[in-house]
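Subject: Structure for your review

Dear colleague,

I am handing over the structure below, together with some notes on what was found in it. Please read the notes with the structure open beside you.

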Amino acid sequence: MNRRTSLLIRTLIFLFILNSLSLFYYFTHHHSPKPSSSSSTLKSSPFKVNNYLTPISHQTHFSKPWPILPSYLPWPQSATTAPLRSCEAYFGNGFTHRRDVLHARDGAGWFRCWHSETLRSSVCEGGRLRMVPERIAMASGGESLTAVIGRREEEELPAFQEGAFEVDGGGFVDRKFLVDREFLDRFVPRGEVTRHTMRDLIGKIRIVGGKDFECDEWIEEPTLLVTRFEYANLFHTVTDWYSAYVSSRVTGLPNLPHLIFVDGHCMAPLEETWKALFSSLRYAKNFSGSVCFRHAILSPLGYETALFKGLTEDIDCSGVPAKELWQKPDDHKTARLSEFGEMIRAAFGLPLNIRRDGKPLFGHNVLFVRREDYLAHPRHGGKVESRLSNEQEVFESLKSWVSGYKGCKINLVNGLFAHMSMKDQVRAIQDASVIIGAHGAGLTHIVSALPKTVILEIISSQFRRPHFAYIARWKGLEYHAINLAGSHADPGTVIKELTDIMKSLGC
């Protein structure tokens, strides 16, 4: 007990020191000159002070602190380079090639990108960056789903005019655009993405003189700019969450950033998690005028994360406890997905110190993730494609089996996720000893599962895709699959597989 207490104290001291170093790094590497005392007092009208236009209003918002995560490992900056195609390069900070595009001069703007050779993507950031919403063609975004039924996806994705974003060049402007085609091809390549909105955004950024850098509103806190694709699909949204999380860590932010959706999608249930993960959320088109950022971070597309690229690339990584990597680093092992899963649970205020040893006091929860009909987005008819044609029969058979099982107490949980809040969904995942489900986006929640959780995926012949086998592997979770000849599962086969799993859990 004394050894455990001593270890806990040492861990807390280490995390305190690490957080202090993070704060020091941020404030020494993200310096942005503050307005002079004369200009900072003039917030209600745009008077010129020292040839610069004083902004109309400064918006200061509360920023949430980073939670303490048991699986957290340091995110090294440019001094340390993760080996190419290593687990850290895929899932952690492989963004170590720094390219400064615009250096700050006399209080003007700045812009740089952190490039990953492994992911062929960049996290870019800048200061004194201005967004002009009227130069972005897209829907307003944030509407209720029922108000925009039938709206085309093309109306929701941003089309940027020249100068949709501009950076303050101060008194020296040597070119019109911030970057050229050669830079984009090197640091923000289009790859397989047919409409690369973040590349298009960066390509349209103009440099303007300090005298012309006028702002209707200032946002003082670090802010993430995110464009979402397939925003109503949990798997694709998790890739967006992960990209935003990595971007926040790579740039060394001292607190959770604020968030702006640079897209015109309507509201969706997944927005609940976006709001929980970050300090605040707004849509770009909801601003009434130009908005200037002291520090803006451009999050790469979810398609550029290891979670998505791993579907077509061989990412040789196994999930292990962070403690193991502290003691013995290994380029083929990672704890980053466990760290990220803890981040999601912490965002909802769920406990992180749960240990699963022996038989649970109230029995093992077996969570059956169901596929339900629901209206997902404006172009959706409300019908979910069946991946398991006799899902209800399988569920009822499991209920009957559980009621007569003598090995231990089992609680079969009916995972009707379409009718549950995101917090309740994550809680159900956290409380489960075994997670069962047909192949479908809902299984992506296993990123938040506890260690020693067992996954059983039922896969129809039409959907033999490796999404969840890979996530389980990268998380270090035990994974089993029942591959069907069609879409009909034999309940007896499912019960036999589950029985073997429960016996392996000592049940």
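This is a predicted model: local features need pLDDT of at least 70, side-chain atom pairs count only at pLDDT 80 or more; totals for chains, interfaces and linings use all residues.

E20 and E22 run parallel and are joined by four bridges. They belong to an open sheet of five strands, whose order is E21-E20-E22-E23-E24 and whose pairing is parallel. At the edges of this sheet stand E21 and strand E24 (478-483), each of which has a single partner strand, so that one side of each is left without a neighbour in the sheet. Ignoring direction, neighbouring strands of the sheet are turned against each other by 15° on average.

Helix H11

Helix H11, which covers residues 391-404 and thus has 14 residues, reaches 21 Å from its first C-alpha to its last, close to the 20 Å expected at 1.5 Å a residue. Its buried residues are Glu391, Val394, Phe395, Leu398, Trp401 and Val402. Seen down the axis of H11, these buried residues fall within an arc of 125°, and therefore they line one face of the helix. The face turned away from that buried side carries Ser400 and Ser403, which are exposed. As for what the buried residues of H11 pack against, the partners are strand E20 (364-369), strand E21 (410-415), strand E22 (434-438) and helix H14 (491-504), and E20, E21 and E22 are strands of the sheet described above.

Helix H6

A further set of findings concerns helix H6, which spans residues 234-250 and includes Thr237. Thr237 has a relative accessible area of 1%, and it counts as buried because this value lies under the 20% cut-off. If residues up to four places away in sequence are not counted, Thr237 touches Glu230, Tyr231, Ala232, Leu270 and Trp274.

H6 also packs with helix H10 (residues 336-347), at an angle of about 100° and with the two axes 11 Å apart. Since angles of 65 to 115 degrees count as roughly perpendicular, H6 is therefore roughly perpendicular to H10. On the side of H6, the contact is made by Val238, Trp241, Tyr242, Tyr245 and Arg249, while H10 contributes Arg336, Leu337, Glu339, Phe340, Met343 and Ile344.

Note on methods
Residues are numbered from 1 along each chain as its sequence is written. Side-chain values use heavy atoms; hydrogens and water are left out. Helices (H or I, at least four residues) and strands (E, at least two) are DSSP runs, numbered from the N terminus. The expected span of a helix is 1.5 Å times one less than its number of residues. Buried means under 20% relative accessible area, exposed over 50%, partly exposed in between (1.4 Å probe, protein chains only). The arc is that of the directions from the helix axis to the C-beta atoms. Contact means heavy atoms within 4.5 Å. Two strands pair if DSSP finds at least two bridges between them. Axes are lines fitted to C-alpha atoms, for helices over the stretch in contact, and angles run from 0 to 180 degrees between N-to-C directions. Angles under 35 degrees count as roughly parallel, over 145 as roughly antiparallel, 65 to 115 as roughly perpendicular and the rest as oblique.
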